[in-house]
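Colleague: I would like to learn how to read some features of a protein model. Please take them one at a time.

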Amino acid sequence: CTCFISCRRTMQCLSISQIATSLLHSLPRSIWRYRTVSSNVPDFDWNADGIPFPGCACCEETTSYSHVWAVPLELHVHLISGAKIATVNADASWTGSKMNEMIMPHLQTGTAVAQIMFGTAAWEDTLTADELGLTTGAELHIIVATCNVLVRAAGVSAVNGFYTKRAGEMMNDAPSYTNEAGTLLFRFRFPSGVHYWYFSTRGDLNKSLGDYYRVKAEDLNPPSKGWSADKCPLGSPEIPTVVNMLP
């Protein structure tokens, strides 16, 4: 079937290759794909280990293919204390942010991952497992932080982080929060009676000069969705992901 797949003239008859691909996808520990290196033929997904398909004598032009193995990684996750909390089946393309997301369900309520470590190297949010040099069976250690609200992916770095309640600091019948950078998360009531939640700098909270993001909501806890930088001078188009860790 190799000749059939590599022939330009017969590329429209892909049912055999599609069936083969489906069968290969059913095999454990394999993610198969091939990519054409000719601009005359569209890209398709296949796999092998870097050896081009042989040419075919039955047509004018053949196309060679390259292949990539992607083997799932079994990663063992421990607390800094050494206590094991999970084994996660990951992929070499996973970023630190993705791994963080997959670890979260294994943590106690009110805690979040502050840092993932592989030896002395930190697994940063945008770094992939492959770039970090992880192989199956690797041991990871995590630093855990206690918080009430976890904020990630905001375009303004000062908004990201771990928010804890400000003791005795109720604002408009709801708790207010602060992160390690000093950014405030609070509920604000307009004269019309409408409530908004805001991420803002410290200062005169009756003015918008220090606002990063806001969301219209009557909730007494910080909402997870609906955030916007609309009418917030310090905001950015990258909207934060807000995870409420409150029980």
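Colleague: Where does aspartate 173 lie?

Modeller: Aspartate 173 is in the loop between β9 and β10; strands (E, at least two residues) and helices (H or I, at least four) are DSSP runs, numbered from the N terminus. This is a predicted model, in which local features need pLDDT of at least 70 and side-chain atom pairs count only at pLDDT 80 or more, while totals for chains, interfaces and linings use all residues. Residues are numbered from 1 along each chain as its sequence is written, and side-chain values use heavy atoms, with hydrogens and water left out.

Colleague: Is aspartate 173 buried or exposed?

Modeller: Buried means under 20% relative accessible area, exposed over 50%, and partly exposed in between (1.4 Å probe, protein chains only). Aspartate 173 has a relative accessible area of 64%, so it is exposed.

Colleague: How do β9 and β10 pair?

Modeller: Two strands pair if DSSP finds at least two bridges between them. β9 and β10 (residues 174–178) are antiparallel, over four bridges, and lysine 165 stands opposite tyrosine 177 in β10. β9 also pairs with β8 in the antiparallel sense, over three bridges. There, valine 149 stands opposite tyrosine 163 in β9.

Colleague: How many helices and strands does the protein chain have?

Modeller: The protein chain has four helices and 14 strands. Of its 247 residues, 41% count as buried.

Colleague: Which residues have the most contacts inside the largest nonpolar core?

Modeller: In soluble globular proteins, nonpolar side chains tend to be buried together. A nonpolar core is a set of buried Ala, Val, Leu, Ile, Met, Phe, Trp, Tyr and Cys residues joined through side-chain atoms within 4.5 Å. The largest one here has 26 residues, and Leu75, Met99, Ile103, Ile116, Trp123 and Leu134 have the most contacts inside it. Elements that each supply at least two residues of this core include β3 (73–79), α3 (96–103) and β7 (139–146). Apart from this core lies another, of 18 residues, among them Val151, Tyr177, Leu185 and Leu246.

Colleague: What is the volume of the largest pocket?

Modeller: Rolling a probe the size of a water molecule over the atoms shows where empty space is left. On a 1 Å grid over the protein atoms alone, a pocket is an open set of points where a 1.4 Å probe fits, with protein on both sides within 12 Å along at least five of seven lines; lining residues have an atom within 4 Å of a point. Grid points are joined across faces, edges and corners, and a volume is the space filled by probe spheres set on the points. The largest pocket has a volume of about 240 Å³. Of its 16 lining residues, Asn100, Val113, Ala114, Asp125 and Arg152 are the closest to its centre.

Colleague: Which element gives the largest share of the lining of the largest pocket?

Modeller: β5 does, with four residues.
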